[in-house]
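Dear colleague,

Please find below the structure that I am handing over to you. My findings follow it.

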Amino acid sequence: MRLALAQAEAAAVRGEVPVGAVVLHASGAVLAAAGNERESTNDVTGHAEIAAMRQAAAKLGGWRLDGCTLVVTLEPCAMCAGALVQARIAKLVLGAWDEKAGAVSSLWDVVRDPRLNHRVEVVSGVLAAEASALLSDFFASRRSIHPQPISSS
């Protein structure tokens, strides 16, 4: 998770929402590490999880990430949760919950849905306070740069 947090911090420096992800091989070796890159690539799929899984798949020479673990600083959204299932990720380790868009428990539970062909083991709350603080600080600084207008009603 520390490596994922470092990726999130690097993403924030680039003006991205600070989310970081790491893919670990079943042996524990780091296959890939990435941060959000939606703004810098103008790619709606540029979430940290997708970028890290793409890197890992390229390194392994195939899209199946059987036995791999994805470590991510924020609960995955529906797109990323679906990609985890499709990639056959074995385990998901997550930091902070995403009450507004999370698809691992907060709003949906895509990765453990019994109707799908694969389910992912979930370990949650790992360094959650640090991950949450990164996000809170990022958005607080954005609000101070772009303050919301005060309503006159």
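A nonpolar core is a set of buried Ala, Val, Leu, Ile, Met, Phe, Trp, Tyr and Cys residues joined through side-chain atoms within 4.5 Å, where buried means under 20% relative accessible area (1.4 Å probe, protein chains only). This is a predicted model: local features need pLDDT of at least 70, side-chain atom pairs count only at pLDDT 80 or more, and totals for chains, interfaces and linings use all residues. Residues are numbered from 1 along each chain as its sequence is written, and side-chain values use heavy atoms, with hydrogens and water left out.

The largest nonpolar core comprises 43 residues, and those with the most contacts inside it are Val 23, Met 53, Leu 65, Leu 70, Ile 89, Leu 92 and Val 111. Helix 3 gives the most to this core, with seven residues; helices (H or I, at least four residues) and strands (E, at least two) are DSSP runs, numbered from the N terminus. Leaving aside neighbours within four places in sequence, Met 53 is in contact (heavy atoms within 4.5 Å) with residues including Val 23, Leu 65, Leu 70 and Ile 89.

As to the sheet, five strands form an open arrangement in the order 2-1-3-4-5, with mixed pairing; two strands pair if DSSP finds at least two bridges between them. Its edge strands, each pairing on one side only, are strand 2 (30–35) and strand 5 (121–123). Strand 4 (residues 91–96) pairs with strand 5 in the parallel sense over three bridges, and Val 122 in strand 5 is the bridge partner of Leu 92.

Yours sincerely

Key
Buried < 20%, exposed > 50% of the residue type's maximum accessible area, 1.4 Å probe, protein only.
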